[in-house]
Amino acid sequence: MTATMTDTPPPAAPKADTATRSGRSLGQILMIVAGALLLVAAVRVISGSDQLTSEGQVSAALSLAVPIGLAGLAGLWSERSGVVNIGLEGMMILGTFGAGWIGWQSSPWLGLLCGVGFGVLGGLLHAVATVTFGVDHIVSGVAINLLALGTTQYLAKLFFVDGKAEEAGGNPKQSPPVDSLPSFDVPGLSSGLHSIENHHWFLISDIAGILGGLFTDLSIVTVLAVVLFVGSWWLLWRTAFGLRLRSCGENPIAAESLGVNVYKYKYMAVAVSGGLAGLGGAFLALVTSHTYLEGQTGGRGYIGLAAMIFGNWRPGGLAMGAGLFGYSDALQLRNGGETVHALLLLLFVLLLAMAGWKLYKKAHWQGGISLMVAAGVLVWYLVTDEVPSDFVGATPYVVTLLVLSLSAQRLRMPKADGMRYRKGQGK
């Protein structure tokens, strides 16, 4: 028996997860994208709302989607390691202050780094509370949100109301203006696509408007965000490091029994999460407004969490969710009730399709409710010309609730997400 036990080889080290685990194939994803383009193009023609797919609309949507996407990516890193990060809003607030504080004194590049650094500090604080001391993840996250808000308000009154800061335009609620980070157009594409868009051809002009918005007036931080999304997907799903990190969020006891330092991976993931959230806050301070403003995050940390859930804790779905929320926000900011009114027609078609799918799956109650809601939305669209202004401002949040309710049945969070783990449980 002793010889048998001593001759038993140790557990094999985990291998990189190279198998494709997406619920849909590339062909299915392309068909969904093509169907969505056709539907939006049809709604634009029927409603006459050319702003739905205009270059300006898509460019604004992209700018609004970047901080939401970065917050969602921050949540993905943390929750894939098993740590729920409700404190994303607070880490974004820290990022806005750090970027505005250092940015106006030196350069926007140093401000960007400082915003990331402030976010990392918030992430490490959350990691100490949840990983080392076992504090409930929700309690710790809410505490960080409150702490970040109070700390930045105090520091703003301390640093922005006297001396050079006051002379440069600072006050207790905002920093002095910060120099702009570089932005660029893709040569040879922007003008040509804009010309095609102006013809208002069905589908062709819509595609031209969407591509024009993606390739016009791009911030360098937007490009960095795209790189971070691709890099996160590769690192988390195509490397041994990512496999070990995700194993901490699925079964930390089994991971520890295979030699994974669970605490180390959780700390790294939550620190990266804080840095990404801080980068999202720095984007708001340096790209969107060129200054730190109290309350400028506007709940984007929470919307980022909703985008992450919509994306089923995966970068691709998260990017789609962030784009959707950014698009709805841009609609209500740029165009008001008339263009948002066109979304009612789009919502009617989607609800009708969902009702048909539920009835096909024998879910008669859900299908019937979807049909009734679709009928109500159609009546609303037919008897009105625009959406009331009070409802227009709530468009991004209504879209958030609708998307989460429609996608809730296919979601699967990491199995150990939010669970308290103590070192040595796997021994």
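**Exercise 1.** Describe the setting of Thr 53, which is found in the loop between helix 2 (26-47) and helix 3.

*Solution.* The model is predicted, so local features need pLDDT of at least 70 and side-chain atom pairs count only at pLDDT 80 or more, while totals for chains, interfaces and linings use all residues. Residues are numbered from 1 along each chain as its sequence is written, and side-chain values use heavy atoms, with hydrogens and water left out.

Step 1. Helices are DSSP runs (H or I, at least four residues), numbered from the N terminus.

Step 2. Thr 53 has a relative accessible area of 5% and is therefore buried (under 20% relative accessible area, with a 1.4 Å probe and protein chains only).

Step 3. Contact means heavy atoms within 4.5 Å. Leaving aside neighbours within four places in sequence, Thr 53 is in contact with Val 40, Arg 44, Val 58, Glu 197, Asp 206, Gly 209 and Ile 210.

Step 4. The side chains of Thr 53 and Asp 206 are joined by a polar contact of 2.6 Å (a pair of N or O atoms within 3.5 Å; within protein, one must be able to donate a hydrogen and the other to accept it, and residues adjacent in sequence count only if both atoms are side-chain atoms).

**Exercise 2.** At what angle do helix 3 (residues 55-80) and helix 9 (residues 204-215) pack?

*Solution.* Step 1. Axes are lines fitted to C-alpha atoms, for helices over the stretch in contact, and angles run from 0 to 180 degrees between N-to-C directions.

Step 2. The angle between helix 3 and helix 9 is about 45°, and their axes are 7 Å apart.

Step 3. That makes helix 3 oblique to helix 9. Angles under 35 degrees count as roughly parallel, over 145 as roughly antiparallel, 65 to 115 as roughly perpendicular and the rest as oblique.

Step 4. From helix 3, Glu 55, Val 58, Ser 59 and Leu 62 make the contact; from helix 9, Gly 209, Ile 210, Gly 212, Gly 213 and Leu 214 do.

**Exercise 3.** How do the axes of helix 10 (residues 220-237) and helix 13 (residues 262-288) cross?

*Solution.* Step 1. The two axes come within 11 Å and cross at roughly 160°.

Step 2. Helix 10 is therefore roughly antiparallel to helix 13.

Step 3. Val 221, Thr 222, Leu 224 and Leu 228 of helix 10 meet Leu 276, Leu 279, Phe 283 and Val 287 of helix 13.

**Exercise 4.** Why is helix 14 (residues 300-310) largely enclosed by the rest of the structure?

*Solution.* Step 1. Helix 14 is largely enclosed because 9 of its 11 residues are buried.

Step 2. Among them are Arg 300, Met 308 and Phe 310.

Key. Helix = DSSP H or I, 4+ residues; strand = E, 2+ residues; numbered from the N terminus. Buried < 20%, exposed > 50% of the residue type's maximum accessible area, 1.4 Å probe, protein only.
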